[in-house]
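Here is a briefing on one protein chain and its ligand. Keep the sequence and the structure open while you read.

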Amino acid sequence: MSNYKDLPQQLSKTRNQSAVSELVDLKVYDATEVEVEQVSKEKAKTMYKTMWDIRNFEENTRRFFAAGQIPGFVHLYAGEEAIATGVCANLTDKDYITSTHRGHGHCVAKGGDLKGMMAEIFGKETGLGKGKGGSMHIADLDKGILGANGMVGGGFGLATGAAMRNKYLKTDSVAVCFFGDGAANEGNFHECLNMASIWKLPVIFVNENNLFAESTPQWYSSASGTIAERAAAYNMPGVRVNGKDLFAVYQVAKEAVERARRGEGPTLIEAVTYRDHGHFEGDEQKYKALEGEEKDWADVDALDVFRDYAIEHGLLTEEELDAILEESRKDVEEAIKFAQDSPIPRSESLLEDVFAD
Ligand SMILES: Cc1ncc(C[n+]2csc(CCOP(=O)(O)OP(=O)(O)O)c2C)c(N)n1
Ligand SMILES: [Mg+2]
């Protein structure tokens, strides 16, 4: 938290200064540019609750995975809460999102039921996917959650297709594609940004640049200085934002969603952040340097940033903030109990939901 004030400056630094970085007029947002007054008290409360729901959900998933109660593989979203929360606060159930292997946060922020999600991760019959998918396959079509996805870059085509559907049916719904810095180097990224741009599709590409793809640093794997600057190649706005700053993310997402709803086409947002834990649970993280810029990002907690900011601007009181945290703890505890008490899938269910009628 101590380094928070320095972050906007850090954000404008690029490791690989490319020719394009100098040509493109990149907007770099931080909270100081956001009119916090525009955010209502109710909205602020909801967003803080969502961030805590994600954090509590993830810390408990970590705990029960370590205790051997969760089968399979889990990738935790803790540390990146402000991105999913700030983006999804601009969406309704009629809008779509596509998620990643690190998808719990996106699903919580889009309104996924905590009990159904936790039961899915525990592999129980009451889970959103009847316990057959687990952590990387959480989906809820009624909430517009098109699914977490084990394929890196798997969301680009789904989100672009969903946006195509929205436009074809003349709805004002949008689609959001969350993806990592590693996914930005998949071929699908380029194909879908191009297509979304020529057809002016209502899609927002939200890059979560957490500085690593597994153990590979982002600066090593990317030829461009930033991911946002690639937007210029596809003739759409590219925005870089402090992904630890909920208000800033909320604001840039709001502008992009409004633009998409007006029929003006896609936007690429790069939100810089850092994951609190390993790539997956069990990762020894020997590759982490935890010094310099990386340490600055690791030291910032988006929930503290929000809390300080909300108090400083008279948006919420300490008592109100504490009450929200308590409510979130209770909700997540109930979700865990629900998951633990639920039955494992019946063996016959293996053959159910395999073919369409
Ligand atoms: C198509 C494909 N290639 C490789 C993998 C293995 N893999 C899983 S996660 C991951 C790194 C993804 O990094 P990033 O997109 O930055 O997301 P992050 O884990 O940082 O959220 C890789 C290479 C995969 N699941 N799918
Ligand atoms: Mg990454």
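Asp353 has 10 other C-beta atoms within 10 Å, so Asp353 is exposed. This is a predicted model. The protein chain has 357 residues, and 52% of them count as buried. Its secondary structure comes to 13 helices and eight strands.

**Overall fold and core**

- Take the contacts in the protein chain between residues at least 6 apart in sequence: 77% of them join residues at least 24 apart.
- The largest nonpolar core has 98 residues. Val176, Val203, Ile204, Val249 and Ile269 have the most contacts inside it.
- Helix 10 (residues 246-261) gives this core its largest share, 10 residues.
- What does Ile269 touch, leaving out residues up to four places away in sequence? Its contacts include Ile204, Phe205, Val206 and Asn207. Val239, Val241, Val252, Ala253 and Ala256 complete the list.

**Strand 4**

- Strand 4 (residues 203-209) is largely enclosed by the rest of the structure, because seven of its seven residues are buried.
- In a regular strand the side chains alternate between the two faces of the sheet.
- Both faces of strand 4 are covered. Val203, Phe205, Asn207 and Asn209 are buried on one side. Ile204, Val206 and Glu208 are buried on the other.
- Val206 sits in strand 4. Is Val206 buried or exposed? Val206 has 30 C-beta neighbours inside 10 Å, so it counts as buried.
- Val206 touches Ile83, Val87, Val176, Cys177, Phe178, Ile269 and Ala271, not counting residues up to four places away in sequence.
- Val206 and Leu268 are 62 residues apart in sequence, yet their C-alpha atoms are 6.2 Å apart in space.

- Strand 3 is mostly covered, with six of its six residues buried.
- Ala175, Cys177 and Phe179 are buried on one face of strand 3. Val176, Phe178 and Gly180 are buried on the other.
- Strand 3 (residues 175-180) and strand 4 run parallel, joined by six bridges. Phe178 has Val206 of strand 4 as its bridge partner. Gly180 has Glu208 of strand 4 as its bridge partner.
- How many bridges join strand 2 (residues 96-98) to strand 3? Three bridges join them, and these strands run parallel. Tyr96 has Ala175 of strand 3 as its bridge partner.

**Ligand site**

- Ligand 1 is surrounded by 16 residues. The closest are Val152, Gly180, Gly182, Ala183 and Ala213.
- By class, the shell around ligand 1 has five nonpolar, eight polar and three charged residues.

- Helix 13 (residues 318-341) has 24 residues. From its first C-alpha to its last it reaches 35 Å, close to the 34 Å expected at 1.5 Å a residue.
- An α-helix has 3.6 residues a turn, so residues three or four places apart point the same way.
- The buried residues of helix 13 are Leu321, Ile324, Ser328, Val332, Ala335, Ile336 and Ala339. They pack against helix 3 (41-66), helix 6 (114-121) and helix 12 (302-312).
- In helix 12, Ala302, Leu303, Val305, Phe306, Arg307 and Ala310 are buried. Their cover includes helix 3, helix 4 (81-88), helix 10 and helix 13.

**Backbone exceptions**

- Most residues other than glycine have a negative phi.
- Lys200 is not a glycine, but its phi is positive, about 45 degrees. Where does Lys200 lie? Lys200 is in the loop between helix 8 (187-198) and strand 4. Lys200 counts as partly exposed because it has 15 C-beta neighbours inside 10 Å.
- Asp353 is not a glycine either, and has a positive phi of about 65 degrees. Asp353 lies in the segment after helix 13.

Key: Residues are numbered from 1 along each chain as its sequence is written. Chains are lettered from A and ligands numbered from 1 in the order in which they are written. This is a predicted model: local features need pLDDT of at least 70, side-chain atom pairs count only at pLDDT 80 or more; totals for chains, interfaces and linings use all residues. A residue is near a molecule or strand if its C-beta atom, placed from the backbone, lies within 6 Å of it. Ala, Val, Leu, Ile, Met, Phe, Trp, Tyr, Cys and Pro count as nonpolar, Asp, Glu, Lys and Arg as charged, and the others, Gly among them, as polar. A nonpolar core is a set of buried Ala, Val, Leu, Ile, Met, Phe, Trp, Tyr and Cys residues joined through C-beta atoms within 7 Å. A residue is buried if 20 or more other C-beta atoms lie within 10 Å of its own, exposed if 12 or fewer, and partly exposed in between; C-beta atoms are placed from the backbone. Helices (H or I, at least four residues) and strands (E, at least two) are DSSP runs, numbered from the N terminus. Two residues are in contact if their C-beta atoms, placed from the backbone, lie within 7 Å. The expected span of a helix is 1.5 Å times one less than its number of residues. Two strands pair if DSSP finds at least two bridges between them.
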